[in-house]
Amino acid sequence: KLGIASAVFTTEKGAKWAAFGFDLWNRTKSTEKRAQLLNACEYISSSRFCAELVTPIQACVYPRIGSDGKTRSVSVINTTVGKSGDLKLTVRNAASDRFTFVSMTSDERVLSAEKISESEYLVAVPSIDGWSIGTVFIG
């Protein structure tokens, strides 16, 4: 997931580091480089990301966690000018196995979700209009 010119390693004191063989601070990032950075962060954080957009689209993902540590909702902002097309969203440590979706242009609808591990679901999210937000509610 990190590519041949990158590596993640653990120091003697237990710290995790990622080393990349490209200009990390260049503002221009391809979808693949962005995914590579997110994969490294996910690994270094010991898989603590509670939500991740699997579909390669420029979007912002904002999960909300309850006081019990469970993922309660995930908002996705489509930061492109056009419709996103159908999306795939990974949700970890979900508060429930029931997922619903609401956006500014759609009524609430129940989503299909596939359980892919003990605490992880792959959720099918409908298209979100350009510069719009849609929220997946869990529970």
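Helix H1 (31-44) and strand E3 (51-53) each supply at least two residues of the lining of the largest pocket. Helices here are DSSP runs of H or I with at least four residues, strands are runs of E with at least two, and both are numbered from the N terminus. H1 gives the largest share of that lining, 6 residues.

This is a predicted model, in which local features need pLDDT of at least 70, side-chain atom pairs count only at pLDDT 80 or more, and totals for chains, interfaces and linings use all residues. Residues are numbered from 1 along each chain as its sequence is written, and side-chain values use heavy atoms, with hydrogens and water left out.

Back to the pocket: it holds about 220 Å³ of space. A pocket is an open set of points on a 1 Å grid over the protein atoms alone where a 1.4 Å probe fits, with protein on both sides within 12 Å along at least five of seven lines; lining residues have an atom within 4 Å of a point. The volume is the space filled by probe spheres set on the points, which are joined across faces, edges and corners. Of the 13 lining residues, Thr 31, Ala 35, Leu 53, Val 54 and Pro 56 lie nearest the centre. By class, the lining has 6 nonpolar, 4 polar and 3 charged residues (Ala, Val, Leu, Ile, Met, Phe, Trp, Tyr, Cys and Pro count as nonpolar, Asp, Glu, Lys and Arg as charged, the others, Gly among them, as polar).

E3 also belongs to an open antiparallel sheet of 4 strands, ordered E3-E6-E10-E9. Its edge strands are E3 and E9, each pairing on one side only. Two strands pair if DSSP finds at least two bridges between them. These pairs can be set side by side:

| Strand pair | Bridges, sense | Bridge partners |
|---|---|---|
| E3 and E6 (87-92) | 3 bridges, antiparallel | Glu 52 and Thr 90 |
| E7 (99-103) and E8 | 3 bridges, antiparallel | Ser 103 and Ser 106 |

E9 (residues 113-117) and E10 (residues 120-125) pair in the antiparallel sense over 4 bridges, and they form a hairpin with 2 residues between them. Glu 114 stands opposite Leu 122 in E10.

The other sheet to look at is open and antiparallel, with 5 strands in the order E4-E5-E11-E7-E8. Strands E4 (59-65) and E8 (106-110) stand at its edges with a single partner strand each, so one side of each is left without a neighbour in the sheet.
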